[in-house]
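Please take a guided tour of the structure below, with a viewer open beside it. Each stop says what to select and what is found there.

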Amino acid sequence: MENSLLFTPAKIGPLTLRNRTIRSAAFESMCENNSPTQMLEDYHVSVARGGIGMTTLAYASVTRNGLSFKRQLWLREEIVPGLRRITDAIHREGAAASIQIGHCGNMSKKSVAGRLPVSASGGLNIYSPTFVRGMRTAEIEEVARAFGHAVRLAREAGFDAVEVHAGHGYLLSQFLSPYTNHRKDMYGGSLENRMRFMKMAMNEVMEAAGSDMAVLVKTNMRDGFRGGIEMDEGLEIAKELERCGAHALVLSGGFVSRAPMYVMRGQMPVRTLTYYMDIPWLKIGVKLAGRMMIPTVPFRECYFLEDALHFRRELKLPLVYVGGVVSRANIETVLSSGFEFVQMGRALVAQPDFVNRMREHDGDRECSSGCEHKNYCIGRMYTIDMKCHKHVPDLPAKLRRELERMP
């Protein structure tokens with residue numbers, strides 16, 4: 001396609017990607033005992049072989065007490081060799097490898113994390129559901145250091161980049177958002193105070209990253225509901241991350257414990273979600289109140305683009321667009337709007353070789369990943385691996401009917 005940036009190399013800090021595409025840090029749910037598996041390797045290798053510029057392993061907790069799921073990564077010394085096998089395999093396919101690091105905060109689960117969930121403030125997280133304890137100052141400092149340690153482990157495991165998760169209502173986001181931060185000390189109140197923990201973590205990350213690792217940060221432009229972060233504070237947070245030395249920002253939005261579909265858009269297939277649940281009382285609760293707990297937010301292609309353009313005008317560092325990118329036309333629109341990279345999640349679950357297909361059909365703006373945004377993959381991933389319904393030949397009839405009825 002004439003004058004297209006898509007297949008041109010570009011830099012994120014010290015790292016050069018072969019093209020402008022990144023596999024977003026969408027939770028794979030492909031680990032066992034919080035450790036990498038052959039399934040996790042096979043999926044990321046398939047995406048790398050499919051032409052992606054960089055693929056991102058998702059949702060790796062920097063500490064055990066930041067875990068939500070048994071099938072989630074916990075970045076620790078004993079799994080470094082297993083991760084190294086994955087990064088070596090990704091590199092052999094010509095792609096770069098990144099890992100998202102974070103802490104689930106009030107979304108962690110005691111049965112996996114080993115202790116009562118912590119957050120900026122105490123209370124009850126109805127979404128999990130669980131009681132939550134506010135973090136002590138010493139704990140905040142300890143977790144900030146854990147972010148730096150995670151980066152050092154990532155380097156040892158062969159990763160080219162890390163993506164710090166500061167959005168979506170996880171721990172860093174819980175400190176940033178007035179919805180979850182009710183502290184009266186130096187970490188609460190003003191935005192400057194609410195950003196303090198984030199800045200501490202970023203200082204540790206940037207020091208550990210040194211001059212040879214790229215650092216991306218996923219940040220909310222807005223939380224997606226009244227009482228959360230709005231665009232003005234989202235932009236100030238982004239500018240602070242730029243001052244902290246981040247090499248690129250991934251612009252997102254939404255809050256998993258309050259506005260989950262603002263992140264993903266569309267409708268949650270509740271029957272699918274409950275079908276795969278293995279906790280009987282939770283299954284019953286979601287069946288009864290799922291539509292109220294997880295309200296639909298209409299899907300449209302490039303649904304974050306309007307907000308992201310405002311950030312593009314105000315920021316100088318490279319920006320990664322994510323949200324509703326399913327076709328070559330979407331990607332060209334994003335890149336021509338001044339964004340250096342585009343992230344895709346569900347599109348690459350539907351079609352891991354989507355990037356190569358676009359290259360093979362260069363000039364065809366209608367080339368699509370085939371993702372229908374039915375969100376079956378999301379409903380399934382909390383219990384078993386993330387997979388598109390199109391790749392499940394034995395899909396139960398009642399789930400197939402639910403998906404067929406969805407717009």
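This is a predicted model: local features need pLDDT of at least 70, side-chain atom pairs count only at pLDDT 80 or more; totals for chains, interfaces and linings use all residues.

The largest cavity holds about 90 Å³ of space, and the second largest cavity holds about 70 Å³.

**Stop 1: the largest cavity**

Select Arg346, Val349, Ala350, Cys371, Glu372, His373, Lys374, Asn375, Tyr376, Cys377, Cys388 and His389, which line the largest cavity. Two elements give two or more residues to this lining, helix H14 (346-350) and H16. H14 gives the most, with three residues. By class, the lining of the largest cavity has six nonpolar, three polar and three charged residues.

Keep that selection and look at two of its members, Cys371 and His373. Which cysteine holds the sulfur closest to that of Cys371? It is Cys377, and because the two sulfurs are 6.5 Å apart, they are too far from each other for a bond. Cys371 counts as buried, at 16% relative accessibility.

His373 lies in the loop between helix H15 (354-360) and helix H16 (376-381). Phi of His373 is positive, about 55°, although the residue is not a glycine. For background, most residues other than glycine have a negative phi. His373 counts as buried, with 10% relative accessibility.

**Stop 2**

Cys244 is one to pick out; its relative accessible area is 14%, so Cys244 is buried, the cut-off being under 20%.

Move to Arg265, in the loop between helix H9 (260-264) and helix H10 (270-276). Arg265 is another residue other than glycine with a positive phi, here near 70°. Is Arg265 buried or exposed? At 7% relative accessibility, Arg265 counts as buried.

**Stop 3: the second largest cavity**

Select Tyr59, Ala60, Ser61, Gly66, Gln72, Gln100, Ile101, Gly102, His103, Cys104, His165 and Tyr170; these residues line the second largest cavity. Strand S4 (54-61) and strand S5 (96-102) each supply at least two residues of the lining. How does the lining of the second largest cavity divide by class? There are five nonpolar residues, seven polar and no charged.

**Stop 4: the nonpolar cores**

Ile101, from the lining of the second largest cavity, is also a member of the largest nonpolar core. That core has 124 residues, and those touching the most other members are Ile99, Ile101, Met202, Leu249 and Tyr321. Helix H4 (residues 137-156) contributes the largest share of this core, nine residues. A second, separate core has 15 residues, among them Leu15, Ile22, Leu216 and Val322.

Now centre on Ile99 and show its contacts. Leaving aside neighbours within four places in sequence, Ile99 is in contact with Thr56, Leu57, Ala60, Leu73, Leu75, Ala154, Phe159, Ala161, Val162 and Glu163. Ala60 in this list is also part of the lining of the second largest cavity.

**Stop 5: Gly167**

Select Gly167, in the loop between strand S9 (161-166) and helix H5 (171-176). Gly167 is buried, with a relative accessible area of 0%. Apart from neighbours within four places in sequence, Gly167 is in contact with Ser173, Lys218 and Asn220.

**Stop 6**

Finish at an open space, the second largest pocket, with a volume of about 430 Å³. Which residues of its lining lie nearest its centre? Select Leu124, Asn125, Ile126, Tyr179 and Ser257, out of 20 lining residues.

Strand S7 (123-125) and helix H11 (280-293) each supply at least two residues of this lining. The largest share, three residues, comes from S7. Colour the lining of the second largest pocket by class to see ten nonpolar residues, nine polar and one charged.

Methods: Residues are numbered from 1 along each chain as its sequence is written. Side-chain values use heavy atoms; hydrogens and water are left out. A nonpolar core is a set of buried Ala, Val, Leu, Ile, Met, Phe, Trp, Tyr and Cys residues joined through side-chain atoms within 4.5 Å. Buried means under 20% relative accessible area, exposed over 50%, partly exposed in between (1.4 Å probe, protein chains only). Helices (H or I, at least four residues) and strands (E, at least two) are DSSP runs, numbered from the N terminus. Contact means heavy atoms within 4.5 Å. On a 1 Å grid over the protein atoms alone, a cavity is a set of points where a 1.4 Å probe fits but cannot get out, and a pocket is an open set with protein on both sides within 12 Å along at least five of seven lines; lining residues have an atom within 4 Å of a point. Grid points are joined across faces, edges and corners, and a volume is the space filled by probe spheres set on the points. Ala, Val, Leu, Ile, Met, Phe, Trp, Tyr, Cys and Pro count as nonpolar, Asp, Glu, Lys and Arg as charged, and the others, Gly among them, as polar. A disulfide is a pair of cysteine sulfur atoms within 2.5 Å.
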